[in-house]
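Open your viewer and get ready to click along. Here is a short tour, stop by stop.

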Amino acid sequence: MTGRDPGLQPERTRLAWRRTTLSFAVAALLAGRQALHGTTTDGIVVCALCVLIWLGFLRAAHHRVRAVGSIPAPRTMRVRAALLAAACPIALAVIGAVIVR
């Protein structure tokens, strides 16, 4: 037996990416809400950055979910998409640190 489960493994991966995207959306929403608390120009810019970062992560997650569903075997994640998926939470964490400070 070779070990690839063509039915459940891709489904679990898709669900994990969906949960991660939802969690990231909540974090970006809370950061944007906190940035808009004073409704200054800086707050609007930070909120726009949060939206752009979330859209970048959403794009990387969407491409990965589509790749996992490909037949007969999923494609590996491209380096560019992996870097984007890793850089987005880091950027949101930096924005959160700046907002809190």
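**Stop 1: the whole chain.** Keep in mind that this model is predicted. Colour it by secondary structure. Trace the protein chain from the N terminus, and the elements run α-α-α.

**Stop 2: the surface.** The protein chain exposes about 7300 Å². Carbon and sulfur atoms supply 67% of that area. What share of the 101 residues is buried? Buried residues make up 26%.

**Stop 3: helix 2 and helix 3.** Select residues 41-68 for helix 2, then residues 79-100 for helix 3. Their axes come within 9 Å and cross at roughly 155°. An angle over 145 degrees counts as roughly antiparallel, so helix 2 is roughly antiparallel to helix 3. Now look at the handedness: the crossing of these two helices is left-handed.

**Stop 4: the contact.** Show side chains where helix 2 meets helix 3. From helix 2, pick Val46, Leu49, Cys50, Ile53, Gly56, Phe57 and Ala60. From helix 3, pick Ala81, Leu84, Ala85, Cys88, Pro89, Ala91, Leu92, Ile95 and Ile99. Which classes of residue make up this contact of helix 2 with helix 3? It has 15 nonpolar residues, one polar residue and no charged ones.

Stop 5: Zoom out and think about contacts along the sequence. Take those in the protein chain between residues at least 6 apart in sequence: 71% of them join residues at least 24 apart.

Note on methods. Residues numbered from 1 in each chain as written. Predicted model: local features only at pLDDT ≥ 70, side-chain atom pairs only at ≥ 80, totals over all residues. Heavy atoms only, no water. Axes fitted to C-alpha atoms, helices over the stretch in contact; angles between N-to-C directions. Helix = DSSP H or I, 4+ residues; strand = E, 2+ residues; numbered from the N terminus. Parallel < 35°, antiparallel > 145°, perpendicular 65-115°, else oblique. Left-handed = near helix turned anticlockwise from the far one by under 90°. Contact = heavy atoms within 4.5 Å. Nonpolar A, V, L, I, M, F, W, Y, C, P; charged D, E, K, R; others polar. Buried < 20%, exposed > 50% of the residue type's maximum accessible area, 1.4 Å probe, protein only. Areas by Shrake-Rupley, 256 points an atom, 1.4 Å probe, with all protein chains shown as cover.
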